[in-house]
Amino acid sequence: MGFDMTTVPQRPGKIVAVHLSYASRADQRGRRPASPSYFFKPASSVGVSGGTIERPAGTELLAFEGEIALVIGKPARWVPLERAWEHVAAVTAANDFGLYDLREADKGSNVRSKGGDGFTPLGPALIDAQTIDPGALRVRTWVNGELVQDDTTAGLIFPLAQFVADLSQHFTLETGDVILTGTPAGSSVVLPGDVVEVEVDAPTAPDTPSSGRLVTTVLQGKTPFTGIGFQPTVNDLQRAEAWGSREAAGLPPEPTTPETTAPGSPDGLSDELRQKLLRVPVAGLSAQLRKRGLNAVSIEGVHALRPGTRLVGTAKTLRFVPGREDLFRSHGGGYNAQKRAFDTVSDGEVIVIEARGESGSGTLGDILALRARARGAAGVVTDGSVRDVDAVIKTGLPVFAQGAHPAVLGRKHVPWDVDVTIACGGATVQPGDVIVGDSDGVIVIPPGLAAEVADAALAQEDEDAWIAEQVAAGHPVEGLFPLNAQWRAAYDAAKNAGPA
């Protein structure tokens, strides 16, 4: 029996959704996957055009995602890419609703955050997939009549057929199964009373075939969660991602300081200041901070895996708590805090890890080092250990650590949180602090002092170099190091005279 092109599937055997697929969305999130990743949605989440969706009582971050849905027309197993589209019977509109309040519950599987009743409306009509170009489809979303998403499959990171070919390697895609192919930029939060419409069409095809508008009205649910299991929870990071930006969420912009911020420097360090910090020894910076009353700024007990490594960047923090079996089961697997940190580190940032000085297991390995390197990270500092040390060194990523240990994370640590104030090697580190490392160790500089101490340390370096010349010429250090009034006058005169 062939596929019925007159009816949108209401109870597909499988609904497979793509996490991140459009370049516009990836750029908004600050990461581009090398290959697609997926999650399942239950058949009971399917809804129809003209239906409703409830925002559960006690939650605030219900977000829409307008998407193109592929409907499988004939079974696909081990299908090559060039034949994959033959197995797609139809495309239609979908809305992949998600509740960010429950996003942390299932570590990327989205079971609770995206599995609610009515969270996958489809339709209202099917477009024959064999009559259109899959590279020329368009998806648009309106909220209360305002166009908020408008993109085409030309903006996909991966072609639609790749999802079919890829998934068919792992299990049989059966007739009527649905693949949700990801959402472009513009996804945001909706409130009770809002009306969301999604349409998929093929604007360059004859007669411009369309799915029609998939209409969903948001209602306020009245039944709260019972207190069993994970409870809804939100923070500013979730709000910013749900709404699409901090500004859209009504949050203040990330704090910056004039000493460090410069256009075109994603981590907040200007190129000029970065170059200064790369020239200054950590010992010199330490001396300047000590003069300003800051002594507790050294990350103790860490050294570079590769001798001679220099490190400059701003801190992105990751916190581990002591290992506990039940907590590792709930927080250690899936898309945990450790993976999130390495997946979201920005160009020029240093991932600083609180491992409590516990060296009995690795806090990163070669795969995460490669990911940080690909993201443009300036390096990693951990007061724990590193596994796969030789492979980590080969990535070229600057890494400072206590040492090496072959054991995996779960032996001693539970990945707990990112982008929070942490303690690393006895030093308090906040997101955005300036991190500098060399053979003497690693130091933490408050962002507002970075330019001042860099300039002062460079001036001191010039002075110390002149003193070294005098000592090498046979002068005693008495009165020369540090400079007394007579030697100070001689130094000032030499400096003002310039090069001989």
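Reply: Here is a walk around strand 28 and its partners. Keep in mind that the model is predicted.

Start with the strand itself. Strand 28 covers residues 441-445. How many of its residues are buried? The count is 5 of 5, so strand 28 is mostly covered. Buried here means under 20% relative accessible area.

Now take the two faces in turn. On one side sit Gly441, Ile443 and Ile445.

Next, the partners. Strand 27 spans residues 434-438. It is joined to strand 28 by 5 bridges, and the two run antiparallel. These two strands also form a hairpin. What lies between them in the chain is a stretch of 2 residues.

Strand 16 pairs with strand 28 as well. Strand 16 is made of residues 298-299. Its pairing with strand 28 is antiparallel too, over 2 bridges.

Now zoom in on valine 442 in strand 28. Which residues stand opposite it? Glycine 437 is one of them. Isoleucine 299 also stands opposite valine 442.

Strand 28 has antiparallel pairings with strand 27 and with strand 16. Valine 442 faces a residue in each direction named above: glycine 437 and isoleucine 299.

Conventions. Residues are numbered from 1 along each chain as its sequence is written. This is a predicted model: local features need pLDDT of at least 70, side-chain atom pairs count only at pLDDT 80 or more; totals for chains, interfaces and linings use all residues. Side-chain values use heavy atoms; hydrogens and water are left out. Buried means under 20% relative accessible area, exposed over 50%, partly exposed in between (1.4 Å probe, protein chains only). Helices (H or I, at least four residues) and strands (E, at least two) are DSSP runs, numbered from the N terminus. Two strands pair if DSSP finds at least two bridges between them.
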